[in-house]
Amino acid sequence: MIRVSVAGATGKLGSMVCSLVQAQDGMRLVGAIVSSGGGHVGKEIAPGVIAVGPEGLKSVLGETDVFVDVTNAAVAPGNLAIAAQMGVNCVVGTTGISDEALKDFSEMVRHHNLSVVISPNFSVGVNVFGKACEVLAKSLDGYEVEIIEVHHDKKKDAPSGTAMKAADIISKVTNVDKYVYGRQGAVGARGKEIGIHAIRAGDVVGEHTVIFAGNRERIELTHRAHSREAFAEGCITAIRWVHVRKDGRVHTMAEVLGI
Ligand SMILES: NC(=O)c1ccc[n+]([C@@H]2O[C@H](COP(=O)([O-])OP(=O)(O)OC[C@H]3O[C@@H](n4cnc5c(N)ncnc54)[C@H](OP(=O)(O)O)[C@@H]3O)[C@@H](O)[C@H]2O)c1
């Protein structure tokens with residue numbers, strides 16, 4: 001039985017992950033951590049699981065095999081440091097965490113010999129999309145790359161973690177390492193750069209388009225998530241995968257999916 005606890009349990013993604021964990025054979029939700037100010041502390045999140053505030057994290061982790069963090073970039077590093085110190089494997093979906101915080105966490109994972117999956121996007125489709133970006137970038141030498149992402153109006157960070165991941169994949173292949181975020185005013189001719197643009201509107205679950213443009217043609221590669229379940233199901237796959245490991249490493253979703 002894999003005992004799972006979820007921080008961000010009442011959020012859009014976290015609540016779905018909690019429901020799916022409860023529905024799995026061989027998996028049990030043992031903890032739900034919520035913000036102190038959201039009005040959910042003390043409420044029953046799932047049968048027999050009472051939500052605790054951030055101060056309850058340590059006691060929940062004491063009986064957890066895999067900790068899932070789907071909160072926000074300000075909160076996650078603190079949660080992950082506690083999980084690492086307590087020797088608990090983690091699955092991290094929270095996006096926008098700083099490079100410095102991720103580096104510190106990776107060091108803790110190595111030091112405590114844990115296994116962790118960190119992914120800005122748990123969906124199978126987006127991870128294949130990342131691979132496709134790599135193939136197209138390799139094949140389309142000198143083509144100009146623009147990335148456009150669309151998300152719902154409540155999303156806290158921009159650009160999305162998935163857009164940044166796509167940029168990093170393409171940058172590695174093309175050696176173009178200048179990122180330009182949106183454009184305004186007298187920007188002049190386009191340079192050797194990757195353009196990244198964030199749109200926030202309505203209830204869009206998540207869309208990413210990468211444009212590879214040459215002088216006479218272009219390819220546009222688009223992924224559209226229809227439902228958050230695509231992310232939540234991937235999170236369950238990551239929980240099962242990481243549960244059996246202790247290798248001191250941070251893994252990607254592409255490794256989990258064997259892509
Ligand atoms: N990896 C993926 O596939 C994937 C997919 C979608 C989203 N995401 C990322 O996952 C994160 C959550 O997304 P979302 O759409 O679910 O956002 P959301 O609906 O805002 O959920 C975040 C939750 O975290 C809670 N929270 C805040 N501080 C907390 C704390 N100290 N302890 C525990 N919970 C706390 C919030 O509670 P309050 O509302 O009370 O503050 C909220 O319920 C974001 O970083 C998002 O970009 C990842």
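Residues are numbered from 1 along each chain as its sequence is written, and side-chain values use heavy atoms, with hydrogens and water left out. Because the model is predicted, local features need pLDDT of at least 70 and side-chain atom pairs count only at pLDDT 80 or more, whereas totals for chains, interfaces and linings use all residues.

The protein chain is assigned two parts, domain 1 (2–122 + 229–257) and domain 2 (124–225), with bounds taken from an automatic or database domain assignment. Taken over C-alpha atoms, the centres of domain 1 and domain 2 are separated by 28 Å. Contact between them (heavy atoms within 4.5 Å) involves 11 residues of domain 1 and 12 residues of domain 2.

Pockets were located on a 1 Å grid over the protein atoms alone; a pocket is an open set of points where a 1.4 Å probe fits, with protein on both sides within 12 Å along at least five of seven lines, and lining residues have an atom within 4 Å of a point. Grid points are joined across faces, edges and corners, and a volume is the space filled by probe spheres set on the points. The largest pocket has a volume of about 1000 Å³. Its lining comprises 44 residues, with K12, L13, V70, T71 and N72 nearest the centre. Helices (H or I, at least four residues) and strands (E, at least two) are DSSP runs, numbered from the N terminus. At least two lining residues of the largest pocket come from each of helix 1 (12–23), helix 6 (161–174) and strand 11 (207–213); helix 1 provides the largest share, 3 residues. Domain 1 and domain 2 each contribute at least three residues to this lining. By class, the lining of the largest pocket contains 14 nonpolar, 23 polar and 7 charged residues, where Ala, Val, Leu, Ile, Met, Phe, Trp, Tyr, Cys and Pro count as nonpolar, Asp, Glu, Lys and Arg as charged, and the others, Gly among them, as polar.

The second largest pocket has a volume of about 590 Å³. It is lined by 21 residues, of which I97, D99, L102, G161 and M164 are the closest to its centre. Helix 4 (99–111), helix 6 and strand 13 (249–251) each supply at least two of the lining residues, and helix 6 gives the most, with 4 residues. The lining of the second largest pocket has 8 nonpolar, 9 polar and 4 charged residues. Both domain 1 and domain 2 give residues to this lining, so the second largest pocket lies between them.

Helix 4 also packs with helix 3 (residues 76–85): the two axes come within 10 Å and cross at roughly 10°. Axes are lines fitted to C-alpha atoms, for helices over the stretch in contact, with angles from 0 to 180 degrees between N-to-C directions. Helix 3 is therefore roughly parallel to helix 4, a term for angles under 35 degrees. P77, L80, A81 and A84 of helix 3 meet A101, F105 and M108 of helix 4. This contact has 7 nonpolar, no polar and no charged residues.

Two loops carry backbone features. A cis peptide bond, with omega of about -10°, joins A158 and P159; P159 is in the loop between strand 8 (144–151) and helix 6. N113, although not a glycine, has a positive phi of about 50°, and N113 lies in the loop between helix 4 and strand 7 (115–118).

Key
Parallel < 35°, antiparallel > 145°, perpendicular 65-115°, else oblique.
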